[in-house]
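Here is a short briefing to read alongside the coordinates. Keep the viewer open and follow the topics one by one.

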2 protein chains.
Amino acid sequence: MLKEERQQTILNVVELHNRILITDIAETLDVSIDTIRRDIKELDADHKLKKVHGGAISLGFTTNSVKNNNIYKLEQKTTIAEKALTLLKDGSVIFVDGGTTCNELARLIPNDIELTCFTHSIPVAMELLTKSNVTVILIGGQVSKESQISIGANAIHNLSEIKVDYSFIGTGYVDSYYGLTEFDWDIVQVKKAIIKCSKKTVLLSISEKLNSQHRYKSCDINAINTMITELNPENELLNSFRNHDIRIL
Amino acid sequence: MLKEERQQTILNVVELHNRILITDIAETLDVSIDTIRRDIKELDADHKLKKVHGGAISLGFTTNSVKNNNIYKLEQKTTIAEKALTLLKDGSVIFVDGGTTCNELARLIPNDIELTCFTHSIPVAMELLTKSNVTVILIGGQVSKESQISIGANAIHNLSEIKVDYSFIGTGYVDSYYGLTEFDWDIVQVKKAIIKCSKKTVLLSISEKLNSQHRYKSCDINAINTMITELNPENELLNSFRNHDIRIL
DNA sequence: TTTTATTTTGCAGTTTTTTGCATTTTTAAC
DNA sequence: GTTAAAAATGCAAAAAACTGCAAAATAAAA
């Protein structure tokens, strides 16, 4: 039996019964418990189900959040989020931007770390609310339908009144010469405000976005203090970013 | 039975009956009392319910737990939301409160109506974003974990700077003599601010909440312009609200 | 086709989590 | 104050999860 096939079966059973026991399904499919355990681990990483002690349960069973079934290049984004987590300390005050990568960061924040998180992203706020030791502070404003973040004068004004230790931001396009750029002017205005209110700015970006640019500019590349991609920091694709004063993770 | 599943069952029972006894649920689920005790302890730590001597009680009507797919008395709430929809006109500027009833209102707003909606509720904002002709403006502030709405000084300040045609609000408790009351002081402060910024205030409440009260007061009953329950407006349960200047739908 | 590299799988040992029981402490009702 | 029920605590058995490793299966390359 193919691995894909087996995982699909697992998903089907979970959808059908809302839950699954590792021991049950291992016997049914006649493979070792370890294999099923690994399958469930993978499916959980892909947000296809929720792994629990002894088995797995359907996402619909507990969560009522929007089904973000297939996020583009999720694995890379998870890697980035995990690296970003190492920057967090108990008591940190941070800002978390919108976008799938930042959402993944929010999702992976451990339950025991004590943080104050500002965000203007509704999905990020939703994720953060599940973390018992995180204080969530929402930046209000007009909400952009596509990006599900607050934008506009009100959001920018609210940002002008805070100061955070770290901001974790995404970007549409990044280039070592042209800096961070976007397709959308409103988004750029908010990004500027975010960078302004941060002691340190951390850019989260998959390598695919490197050396790309667009119409409107959020900031110069050296406005970024730390840059995180899914790549090994030594990777040559990052070379053009080294002569700047940027820490690469 | 999986631990996660068991805890979800406990939450469901608490939502349904507003309270549980440890001994009862232990027998029903056929596990030891200690296990249930530990479950309740965990759920309490996660602010999913309130642990009390001998069992647990629901956090209250104001709070809708994050992970709960079966909304208490959904059908009644849908009826209420449908009545509320008749008040909306193209171009209206409204405020939508948090809570399951208001969430249902947001969900049922037709796709073709053009509205400007303010809200301090994250789930409501999420719903409204799916409506193509609705402009969503989020009221920021510290977010309450249980109720998933912005509260605190910042939220109240933001509310002080707007004026809406209608606000649709929920309440924990309502009584014709004591007015609208809540379990939670912070929530009351926000409700006051909402009512202040509204030309007209519409109360959405299931009849079960009629003639109940709690510690903190949001407003007098005649601060309400329109009151909507799932009952027929002629129903005698609403009699005590008639001598006030309230429109009953 | 054969060989090589990569992925997948099962196993053994270790660590962690869960659970029920016995004992002590606390709570609340009388 | 007395007393019974409930909660907290410590403990041990059982189940499950994780780790590293080697064999098997599969894919890729020669």
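**Around the DNA**

The surface near DNA strand C has two nonpolar, six polar and six charged residues. Please keep in mind that this is a predicted model. The points below start at the two DNA strands and then turn to the protein itself.

**DNA strand C**
- DNA strand C is surrounded by 14 residues, and the closest are Val31(A), Ser32(A), Thr35(A), Ser32(B) and Thr35(B).
- H3 of chain A and H3 of chain B are the elements that give two or more residues to this surface.

**DNA strand D**
- Around DNA strand D there are 14 residues, of which Ile22(A), Gly54(A), Ile22(B), His53(B) and Gly54(B) come nearest.
- At least two residues of this surface come from each of four helices: H2 (22-29) and H3 (33-45) of chain A, and H2 (22-29) and H3 (33-45) of chain B.
- By class, the surface near DNA strand D holds two nonpolar, six polar and six charged residues.

**Helix packing in chain A**
- H2(A) and H3(A) pack with their axes 9 Å apart, at an angle of about 115°, and their crossing is right-handed.
- On the H2(A) side the contact is made by Ile22(A), Thr23(A), Ile25(A) and Ala26(A), while H3(A) brings Ile33(A), Ile36(A), Arg37(A) and Ile40(A).
- Six residues of this contact are nonpolar, one is polar and one is charged.

**Where the chains meet**
- Chain A puts 29 residues into the contact between the chains, and chain B puts in 27.
- On the side of chain B that touches chain A, two or more residues come from each of helix H1 (3-17), helix H6 (122-128), strand S6 (134-138) and strand S7 (141-143) of chain B.
- That side of chain B has 12 nonpolar, nine polar and six charged residues.
- Strand S7 of chain A (residues 141-143) runs antiparallel to S6(B), and two bridges join them.
- Gln142(A) has Ile137(B) as its bridge partner in S6(B).

**A sheet with strands from both chains**
- S14(A), residues 226-228, runs parallel to S15(A) and is joined to it by two bridges; here the bridge partner of Met227(A) is Ile248(A).

**A mostly covered helix in chain B**
- Seven of the nine residues of helix H5 of chain B (residues 100-108) are buried.
- These buried residues are Thr100(B), Thr101(B), Cys102(B), Asn103(B), Glu104(B), Leu105(B) and Ala106(B).
- They pack against H4 (74-85), S4 (93-96), H6, S9 (164-169) and S12 (198-204) of chain B.

**Two asparagines with positive phi**
- Asn18(A), in the loop between H1 (3-17) and S1 (19-21) of chain A, has a phi near 70°.
- Asn18(A) counts as partly exposed because it has 16 C-beta neighbours inside 10 Å.
- Asn211(B), in the loop between S12 and S13 (216-219) of chain B, has a phi near 60°.
- With 15 other C-beta atoms within 10 Å, Asn211(B) is partly exposed.

Technical notes. Residues numbered from 1 in each chain as written. Chains lettered and ligands numbered in written order. Predicted model: local features only at pLDDT ≥ 70, side-chain atom pairs only at ≥ 80, totals over all residues. Near = placed C-beta within 6 Å. Nonpolar A, V, L, I, M, F, W, Y, C, P; charged D, E, K, R; others polar. Axes fitted to C-alpha atoms, helices over the stretch in contact; angles between N-to-C directions. Left-handed = near helix turned anticlockwise from the far one by under 90°. Contact = placed C-beta atoms within 7 Å. Pairing = 2+ DSSP bridges. Buried ≥ 20, exposed ≤ 12 C-beta atoms within 10 Å, placed from the backbone.
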